[in-house]
Amino acid sequence: MNEFLEAVVEADDQPVVICDTEHTIVYMNQTAIRRYEKRGGAQLIGRSIFDCHNAHSKEIILSVFQQFQDNPGLNKVYTYTRRKDGEDRDVYIVALRNKSGELIGYYEKHESRVHETVAIIS
């Protein structure tokens, strides 16, 4: 199953950065590695998410993380909208929970507001 899950994350054209409950980056899809190349790219894996975020972002991440811990039914929190460099996307932090509902990590999810152009097969 892990092979399928990794394929799903890699197929996402938006960056996916997965952290554990110690705020260590445990996985980045290739889109994230390319997007964050100037901050270290793949070298960020195994490091703290806070190594590549400013104090304000750290405060937001810690606040959302605490909300996830305090509210087991809460699994997705909007953090901001990015409108920069031709992008228009909403950014969320999503809780990762095991089958028992225990918080095991989180990831940043980007949702594009730009309509994609895709081939339509009829």
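**Close-up 1. The largest nonpolar core of the predicted model.** This core comprises 20 residues. Those with the most contacts inside the core are V17, I25, M28, I49, F68 and Y106. Two or more residues each are given to the core by strand 1, strand 2 (25–28), helix 2 (30–35), helix 3 (55–70), strand 4 (87–97) and strand 5 (103–112). Helix 3 provides the largest share, four residues. In soluble globular proteins, nonpolar side chains tend to be buried together.

**Close-up 2. The surroundings of Q14.** Q14 is found in the loop that lies between helix 1 (2–11) and strand 1 (17–20). With a relative accessible area of 11%, Q14 is buried, because the cut-off for a buried residue is under 20%. Leaving aside residues up to four places away in sequence, Q14 touches N29, T31, R35, R89, H110 and S112.

**Close-up 3. The salt bridge between E111 and K76.** The model has two salt bridges, and one of them joins the side chains of E111 and K76 at 2.9 Å, N to O. E111 belongs to strand 5 and K76 to strand 3 (residues 76–84), so the pair ties together parts that are 35 residues apart in sequence. E111 is partly exposed, at 26% relative accessibility, and K76 is also partly exposed, with a relative accessible area of 40%.

**Close-up 4. The salt bridge between R47 and D51.** Here the side chains of R47 and D51 meet at 3.3 Å, N to O. R47 counts as partly exposed at 34% relative accessibility. D51 likewise counts as partly exposed, at 47%.

Note on methods:
Residues numbered from 1 in each chain as written. Predicted model: local features only at pLDDT ≥ 70, side-chain atom pairs only at ≥ 80, totals over all residues. Heavy atoms only, no water. Buried < 20%, exposed > 50% of the residue type's maximum accessible area, 1.4 Å probe, protein only. Contact = heavy atoms within 4.5 Å. Core = buried A, V, L, I, M, F, W, Y, C linked by side-chain atoms within 4.5 Å. Salt bridge = Lys/Arg side-chain N within 4 Å of Asp/Glu carboxyl O.
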